[in-house]
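This report considers strand pairing and charged side-chain contacts in a single structure. The sequence and the structure are shown first.

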Amino acid sequence: MVDHTRRHMQADSTEVWRRLDPVLAIQEIQAAGFQLLDHSNLHYRPDDELRYEVGRKSVTGNTDRFTPLVRKALTSAPRFRCVVSKGAPDASWRSCHFSTQQAFHNAATQAVQAIFV
């Protein structure tokens, strides 16, 4: 998630309506069941005054943005089952049925890491 930064508790106006208060955003994210793991300074712009509309030509591309790293908290231990598919061309091919989205995410992450790491 990446969004344009607004000052904490700054009132709405036509100049800042597309900016988000990071504190309030993180509170909403956590209330939705996500865990805040970390944040990144990748999009930090100390020269952004946080008071102009992000679409202004003088501001576009130079706005300060906050970038929290979040994950959905597990409600139960991830479980999955795999069965060998009969008649598959390769006997080692498996069809996996995941009971939680997190288990699928973990398996997909491991597969990607095996390719790129």
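At 24% relative accessibility, Glu15 counts as partly exposed; buried denotes under 20% relative accessible area, exposed over 50%, and partly exposed the range in between, with a 1.4 Å probe and protein chains only. The model is predicted, so local features need pLDDT of at least 70 and side-chain atom pairs count only at pLDDT 80 or more, whereas totals for chains, interfaces and linings use all residues. Residues are numbered from 1 along each chain as its sequence is written, and side-chain values use heavy atoms, with hydrogens and water left out.

Glu15 forms a salt bridge with Arg56, at 3.0 Å from N to O; the term requires a side-chain nitrogen of Lys or Arg within 4 Å of a carboxyl oxygen of Asp or Glu. This pair links distant parts of the chain, as Glu15 lies in the loop between β1 and α1 (22-31) and Arg56 in the loop between β2 and β3, 41 residues apart. Helices (H or I, at least four residues) and strands (E, at least two) are DSSP runs, numbered from the N terminus. Arg56 is likewise partly exposed, with a relative accessibility of 34%.

## Further salt bridges

The count of salt bridges comes to five. One of them joins the side chains of Arg18 and Glu53, with an N to O distance of 2.5 Å. Arg18 belongs to the loop between β1 and α1 and Glu53 to the loop between β2 and β3, so the pair ties together parts that are 35 residues apart in sequence. Arg18 is partly exposed, at 37% relative accessible area, while Glu53 is buried at 14%.

Another salt bridge involves Asp12 and Arg6, whose closest N and O atoms are 2.6 Å apart. Asp12 counts as exposed, with 65% relative accessibility, and Arg6 counts as buried, with 9%.

## The sheet

Three strands make up an open sheet in the order β1-β3-β2, with antiparallel pairing; two strands pair if DSSP finds at least two bridges between them. β1 (3-4) and β2 (34-40) stand at the edges, each with a single partner strand, so one side of each has no neighbour in the sheet.

Six bridges connect β2 with β3 (residues 65-72) in the antiparallel sense. Within this pairing, Leu36 has Val70 of β3 as its bridge partner. In general, strands of a sheet pair through backbone hydrogen bonds, either parallel or antiparallel.
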